[in-house]
2 protein chains.
Amino acid sequence: MSHADRLAYSRSRPCRVSEVPQWDFEADVLVVGFGSAGASAALEARRAGADVLLFEVTAASGGTSALSGGEIYMGGHGGTPIQRHAGFSDDTEDFYRYLVMAGGPNADEAKCRAYADDCAEHYQWLVAQGVRYKNSFIKERIVEPVTDDCLLWSGSEEAYPFSEHAKPCPRGHTPQWMGMGGGKYLMDVLAEQVNKAGVRVQYEARVIALIAEDDNTVRGVVVKIDGVDRYARARGGVVLAAGGFIMNRDMVKKHAPMLLRAQYPLGTVDDGSGVQLGQSVGGAAINMSEGFVTLPWYPPERLIRGIFINERGQRFINEDCYHGRVSHHALQQGGNRIFILLDADSFGEPDFGQHFKITIGATGDTWDEVEAELDLPAGSLTSTVALYNRYAEQGQDPLFRKGAKWLKPLATPPFVALDCRIDHALYTTFTMGGLDTSIDGEVFDDTRRTIPGLYAAGRTTCGLPRWGEGYSSGMSLADATYFGRRAGKRAAAAANAAR
Amino acid sequence: MSHADRLAYSRSRPCRVSEVPQWDFEADVLVVGFGSAGASAALEARRAGADVLLFEVTAASGGTSALSGGEIYMGGHGGTPIQRHAGFSDDTEDFYRYLVMAGGPNADEAKCRAYADDCAEHYQWLVAQGVRYKNSFIKERIVEPVTDDCLLWSGSEEAYPFSEHAKPCPRGHTPQWMGMGGGKYLMDVLAEQVNKAGVRVQYEARVIALIAEDDNTVRGVVVKIDGVDRYARARGGVVLAAGGFIMNRDMVKKHAPMLLRAQYPLGTVDDGSGVQLGQSVGGAAINMSEGFVTLPWYPPERLIRGIFINERGQRFINEDCYHGRVSHHALQQGGNRIFILLDADSFGEPDFGQHFKITIGATGDTWDEVEAELDLPAGSLTSTVALYNRYAEQGQDPLFRKGAKWLKPLATPPFVALDCRIDHALYTTFTMGGLDTSIDGEVFDDTRRTIPGLYAAGRTTCGLPRWGEGYSSGMSLADATYFGRRAGKRAAAAANAAR
């Protein structure tokens, strides 16, 4: 490697201010990425009076947010109007405690606190942007509405152990958009606001390095446009909102190799550049091994009356948990073979079974037949079912504490085993590790000192969602939009102070 | 934070060469840390003609290596003299394959290859330093000899799935030292050589920052001695061998929070400074979530005939695996309660039971009594034992594939459950994530470009051992000594080239 190569700026090495040949662009706040975090940051910065320039590597807004269902996890303050209308009261402390539990052993309590305290305002903000929510609640446990309905159970709120520590309430809010794909609708609404507000947007612009002082104070970005390196100066700050790293398979291997087992990485760009850019000036990346994994095995919700087993015929989770929590545990089991055992009363064709490659593994008039057809050791599956049925009869599940409403002996033939094996079914995954940030999006170094001029939001950061076992649908968009807003405001304030 | 604070060098920010007031020390190679990695690096650098200065933060040599049993994992090439004498032939490819399996989903094949290929030479090198090995083999499965014997089964070589892919061979080589604590002996031998070779050693010297050019080429270290910052120049390179980060609880929480559950962090300094110093100039830290966890529950080895269960009465591992692999899985089970079930034929008082707080959880003349005394759901423990016994009778374990020699029904009363609960027993732990390095100890950035002037070895790096499920006793010292040597040689070569 030549000296010149070593000096070359990259994702891993900032361009020093002294190396900048000329400033091609200038703005108060530079935002990198036009997903929900970048859009929210740009909007709030602009409205705080900042001149905002947003760089997006693709030709359109949306990012990975637009691939989602558009759900946002909201509650507290007695409930959003939609929660209240559906008859729920959601105490802020219950909401907070659920967020902390969901964050796992390294939960960021300050972020949980801030979001719980401000969530009523955040809901109003979303509505003010033009995001429509229908005043409706879907009682059945689903993954994402195929209608234009709003409120749903999108986590493990009613399931052990969450239900023991926080009063359950449904908190997934899906925009009023007919069919799946509410994420695209949400992003279109936010993008329209971004354009209306006068944010300048440069598409097909790949940020390839930060520009920083020798002390790593960030002053801008190098952005490749039409094959040419251009130099953009940020008077206030740079907001990295460039997604996670699930599409960077090498990076996944280094930090979260378990996620390589899941066949369906959910991302657009998500090449890890946001995290790497932050690290290049000393930003700390934390919880890098954590990710979201799911196989959406329900609806219909009667499948929850079934039991999951691993290839040793053992149960491993209370099946009334959020599908992602169940799937996370499935991935931790030794071996690839995972089944859902159902009887005639609980069986249903999984709504998304075909799409995610859930197939029929075996059928039988007795559990012995199913066990034999699956080629499981005689007595393994059958003893698990016998023990489950013995307690289900009494409305109990002393092993895993599945809720009583789902407990009924699996005793009505024919019996079915749905095949959810890891190496065949499409377990979906994205990363949850990233830059450590303050509640205002300031990027921390490993001693939690902030790096001047640098902000981040969304999956480039390690935010509210940071634990595969705790994730609930809507948490990532909640985190991206709310903390994106805060990062934008803080960067704009820095620009104002610098004037 | 003031501008001055931001400019201040630290573990997280290098001192720039332009900031160095004067050079207080100079050497060809600077080594940070006097454990086995630092000692090996210093020795080889010195013998390659380099002037070597070693900084050690404590008042003595040893580091965490001196807390260990001194075992080194060695094999291949038909076997070391001790393996051969004990009747084993160990093919290099079997050794290599075992190392790769032990490394898990992000194994470093280049490191496995290099160590497997060079292991015969490394054995001779250790002997040449004066490390004595008695020509003896301990057949029984133990953790560490209390005698001066050498060779032992120190991993999962004979256990599924390892045994399917690599012909089993015992590879743990313990120095000839009466009693436990062979690590102290090993370090004393290496330290004597370090002194004899003419390595300059400065004790009570805390390296607080790297010194680097603006392009992050490393030129030296800032070292605090008697409260004063001193500036040390490295003509060839700096070798970071400052241990892992298990004693930095904040860092463990950010990267490997699961390890916080283990009550007994095994470390001396191990404050993460090695990893942080490397990151401060762009070094990539990988696999940071991985760690070693163990509760040394055997010997006596007849305990292996027992079965481990979690608090749902379920088995979770073939119990003939290495104690660390079993313990790793114990930690992954939901809940804190973990038991070993034994009958009169398999029971024995664990040798280290008192030290590590393994206690009697329950006894009974029937398994029903034990189940009730442990307050486990009726039918949970008993159905697990019934299924296990049914197959053990035939010499089989279709669920977990424990080896036939350990299989015997647990059917002779009285029955015992040993209590190994996570929140009480002393599960020991250290970290295995760290700087990504070449086989010559060159520190990589996140695109695997080397950082000029910077080398690392031992638990400051992510080396051969990097997966809690795969660790085997002796792997960390093998990695530290062998790759420590290579790092020292490479740094010395850089110094020679710079002359």
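**View 1. Contact between chain A and chain B in the predicted model.** Chain A contributes 48 residues to the contact, and chain B contributes 48 residues. Some 4000 Å² is buried between the two chains (about 4000 Å²), with carbon and sulfur atoms giving 48% of this area.

**View 2. Polar contacts across the interface of chain A and chain B.** The rule finds 16 residue pairs in polar contact across this interface, both residues of each pair being at pLDDT 80 or more. The count of salt bridges between chain A and chain B, by contrast, is zero.

**View 3. The side of chain A that touches chain B.** At least two residues of this side come from each of the helices α1 (3-7), α8 (249-255), α9 (273-280) and α13 (380-392) of chain A, and likewise from each of the strands β12 (285-286) and β21 (450-456) of chain A. The element that gives the most is α13(A), with five residues. Classified by residue type, the side of chain A that touches chain B comprises 16 nonpolar, 16 polar and 16 charged residues.

**View 4. An open sheet of three strands in chain B.** The strand order is β11-β18-β13 (chain B), and the pairing is mixed. Strands β11 (264-265) and β13 (291-294) of chain B stand at the edges; each has a single partner strand, so one side of each is left without a neighbour in the sheet.

**View 5. Pairing of β11(B) with β18(B).** Strand β11(B) and strand β18 (residues 428-431) of chain B run parallel and are joined by two bridges. Pro265(B) has Thr429(B), in β18(B), as its bridge partner.

Terms used
Residues are numbered from 1 along each chain as its sequence is written. Chains are lettered from A and ligands numbered from 1 in the order in which they are written. This is a predicted model: local features need pLDDT of at least 70, side-chain atom pairs count only at pLDDT 80 or more; totals for chains, interfaces and linings use all residues. Side-chain values use heavy atoms; hydrogens and water are left out. Contact means heavy atoms within 4.5 Å. Buried area is the accessible area (1.4 Å probe) that two parts lose on being put together, summed over both. A salt bridge is a side-chain nitrogen of Lys or Arg within 4 Å of a carboxyl oxygen of Asp or Glu. A polar contact is a pair of N or O atoms within 3.5 Å; within protein, one must be able to donate a hydrogen and the other to accept it, and residues adjacent in sequence count only if both atoms are side-chain atoms. Helices (H or I, at least four residues) and strands (E, at least two) are DSSP runs, numbered from the N terminus. Ala, Val, Leu, Ile, Met, Phe, Trp, Tyr, Cys and Pro count as nonpolar, Asp, Glu, Lys and Arg as charged, and the others, Gly among them, as polar. Two strands pair if DSSP finds at least two bridges between them.
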